Amino acid sequence: MLPEWLNEPLPFAKLLGLELVTVTADRVEALLKVREELCTRPAVLHGGAVMALADTLGAIATVANLAEGATTTTIESKTNFLAAIPLGDTAKAECTPVHRGRTTMVWQTRITRGDGRLAALVMQTQLVIPATR
């Protein structure tokens, strides 16, 4: 069962403009409209915004798999940037599990452009922090 707080946008995800499409224990999908305040020069999605998108999805995916009362934090993330996403386009992100363990979870997030081209591939490790008694 997903935590109730996932029904409301996370503050940083709201700032980014992230739109959650799917949240299950096996997949998290989201869309992010590339707008000027998220761009670098030339007018393409900033790498930090790409990483923030993936990090947010990996955290949500981990939370969807945690025992009640447990929390998580990112302990490692690696991003391969493969293609720019231009201003006005929409980034589509899909996060799936690589490993769901007792102490860590590893997630892969594929971020594509509106034309379907792979723009970034992110691997991240989330620490599972057990509930305190």
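Predicted model: local features only at pLDDT ≥ 70, side-chain atom pairs only at ≥ 80, totals over all residues.

Q: What is the overall make-up of the protein?
A: The protein has 2 helices and 8 strands, and from the N terminus on the order is α-β-β-β-β-α-β-β-β-β. The radius of gyration is 15 Å, close to the 14 Å that the globule rule gives for 133 residues, so the protein is as compact as a globular protein of that length. Its C-alpha atoms fill a box of roughly 50 × 25 × 20 Å along the principal axes. Buried residues account for 37% of the 133 residues. Of the contacts between residues at least 6 apart in sequence, 62% join residues at least 24 apart.

Q: In what order do the strands of the sheet stand?
A: A general point comes before the case: in a regular strand the side chains alternate between the two faces of the sheet. Here 6 strands form an open sheet, ordered S1-S2-S6-S7-S8-S5, with antiparallel pairing. Strand S1 (19–23) and strand S5 (71–81) stand at the edges with a single partner strand each, so one side of each has no neighbour in the sheet. On average, neighbouring strands are turned by 20° against each other, direction ignored.

Q: How many bridges join S5 to S8?
A: S5 and strand S8 (residues 118–129) run antiparallel and are joined by 10 bridges.

Q: Which strands does helix H2 touch?
A: Helix H2 (residues 47–63) packs on the sheet and touches S1, strand S2 (28–33), S5, strand S6 (90–100), strand S7 (104–112) and S8. The direction of H2 makes about 45° with that of S8.

Q: Why may H2 be called largely enclosed?
A: The general idea concerns the turn: an α-helix has 3.6 residues a turn, so residues three or four places apart point the same way. In this structure, 12 of the 17 residues of H2 are buried, so the helix is largely enclosed by the rest of the structure. The buried residues include Ala49, Leu53, Leu57, Ile60 and Thr62. H2 reaches 24 Å from its first C-alpha to its last, close to the 24 Å expected at 1.5 Å a residue.

Q: What does Thr62 touch?
A: Thr62 lies in helix H2 and is buried, with a relative accessible area of 0%. Apart from residues up to four places away in sequence, Thr62 touches Thr72, Met105, Trp107 and Gln126.

Q: Which residues have the most contacts inside the largest nonpolar core?
A: That core has 32 residues, and those with the most contacts inside it are Leu32, Leu45, Leu53, Leu57, Ile85, Ala91 and Ile111. Two or more residues each come from helix H1 (11–16), S2, H2, S6, S7 and S8. The largest share, 9 residues, is given by H2. Among the residues touched by Leu57, beyond four places in sequence, are Leu18, Val28, Ala30, Ala93, Cys95 and Thr109.

Q: How many residues does the hairpin from S6 to S7 pass through?
A: The hairpin joins these strands through 3 residues, and the strands pair in the antiparallel sense over 8 bridges. Cys95 has Thr109 as its bridge partner in S7. S7 and S8 likewise pair in the antiparallel sense, over 9 bridges, and the bridge partner of Arg110 in S8 is Leu121.

Definitions and conventions
Residues numbered from 1 in each chain as written. Heavy atoms only, no water. Pairing = 2+ DSSP bridges. Helix = DSSP H or I, 4+ residues; strand = E, 2+ residues; numbered from the N terminus. Axes fitted to C-alpha atoms, helices over the stretch in contact; angles between N-to-C directions. Contact = heavy atoms within 4.5 Å. Core = buried A, V, L, I, M, F, W, Y, C linked by side-chain atoms within 4.5 Å. Buried < 20%, exposed > 50% of the residue type's maximum accessible area, 1.4 Å probe, protein only. Expected span 1.5 Å × (residues − 1). Rg over C-alpha atoms; globule rule 2.2 N^0.38 Å.
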